[in-house]
Amino acid sequence: LIRAKLEKGTHIDLAKQQERHRLWAQVASKTGHLATIDMSKASDSFTWRHLEMLMPMSWLPALRDVRSSTIEVEGKKVKLRSVMLMGSGHTFPLQTLLFFSLAESVRTLLKCRGKVSVYGDDIIIPSRMSQPFIAVMSELGFTINSEKSFFDKPDPDRPTMTFFRESCGGDYKGGVDVRPYMPECNL
């Protein structure tokens, strides 16, 4: 249901979004017009209060029904603060929807033009709105992964400047794929 709502209400198609993000990161590495933002511990950071603030009230009972609220550790029940556990079928599309909603809200409030796109916790926004977006996310208790977020802007004094951008496993500098080879075995 969340996937269908994403496709119907936005341009986000989770089946195609990774490839789109890599393409947009490549283009943005030439121009700097888009920022690539990555979140730290994104799914662990969403609380029930976030859902109450961001979701339609009619969705909350269904989300409550599919949520694991406690786990058992060494025979003791532990109450979970997070509402989105990795491995739950609703986590990734819900996270995508919520981060998209937050980014789109900041874009609208700033009257900023440009692309807003999200794939899980991989966020692409206009570079000029990166600092206000980061401030909003911080105020809501989310943490930006500063090692994987890139939002430097074009500098009129350096017109030939190129940018590094990373999204969905694509690393680009000035439009060139610079992702190092990473063997999938022990050497």
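Predicted model: local features only at pLDDT ≥ 70, side-chain atom pairs only at ≥ 80, totals over all residues.

Phe 99 is in contact with Met 39, Ala 42, Phe 46, Val 118, Gly 120, Asp 121, Ile 123, Met 137 and Phe 142, its neighbours within four places in sequence being left aside. Phe 99 and Leu 51 touch the most other members of the largest nonpolar core, a set of 38 residues. Several elements each supply at least two residues of this core: helix 1 (2-9), strand 1 (34-40), helix 4 (48-54), helix 5 (60-66), helix 6, strand 4, strand 5 (122-126) and helix 7 (130-139). Helix 6 gives the largest share, with eight residues.

Helix 6 can be followed along its length. Its 20 residues reach 29 Å from the first C-alpha to the last, which is close to the 28 Å expected at 1.5 Å a residue. What does phi do just after helix 6? There, Lys 111 takes a positive phi of about 55°, although Lys 111 is not a glycine. Most residues other than glycine have a negative phi. Lys 111 belongs to the loop between helix 6 (91-110) and strand 4 (117-119). Its relative accessible area is 75%, so Lys 111 is exposed, the cut-off being over 50%.

Is His 90 buried or exposed? With a relative accessible area of 12%, His 90 is buried, because the limit for that class is under 20%. Apart from its neighbours within four places in sequence, His 90 is in contact with Ile 2, Leu 63, Val 66 and Val 83.

A second residue with a positive phi is found in another loop. Glu 74, also not a glycine, has a phi near 50°. The loop in question runs between strand 2 (70-73) and strand 3 (76-79). Glu 74 has 81% relative accessibility and therefore counts as exposed.

The surface also carries a nonpolar patch. Which residues form this patch? Ile 71, Val 73 and Val 78 do, with about 200 Å² of accessible area together. Ile 71 lies in strand 2.

Conventions: Residues numbered from 1 in each chain as written. Heavy atoms only, no water. Helix = DSSP H or I, 4+ residues; strand = E, 2+ residues; numbered from the N terminus. Buried < 20%, exposed > 50% of the residue type's maximum accessible area, 1.4 Å probe, protein only. Expected span 1.5 Å × (residues − 1). Patch = residues over 30% accessible without salt bridge, like charges linked within 9 Å, V, L, I, M, F, W, Y side chains within 5 Å. Areas by Shrake-Rupley, 256 points an atom, 1.4 Å probe, with all protein chains shown as cover. Salt bridge = Lys/Arg side-chain N within 4 Å of Asp/Glu carboxyl O. Contact = heavy atoms within 4.5 Å. Core = buried A, V, L, I, M, F, W, Y, C linked by side-chain atoms within 4.5 Å.
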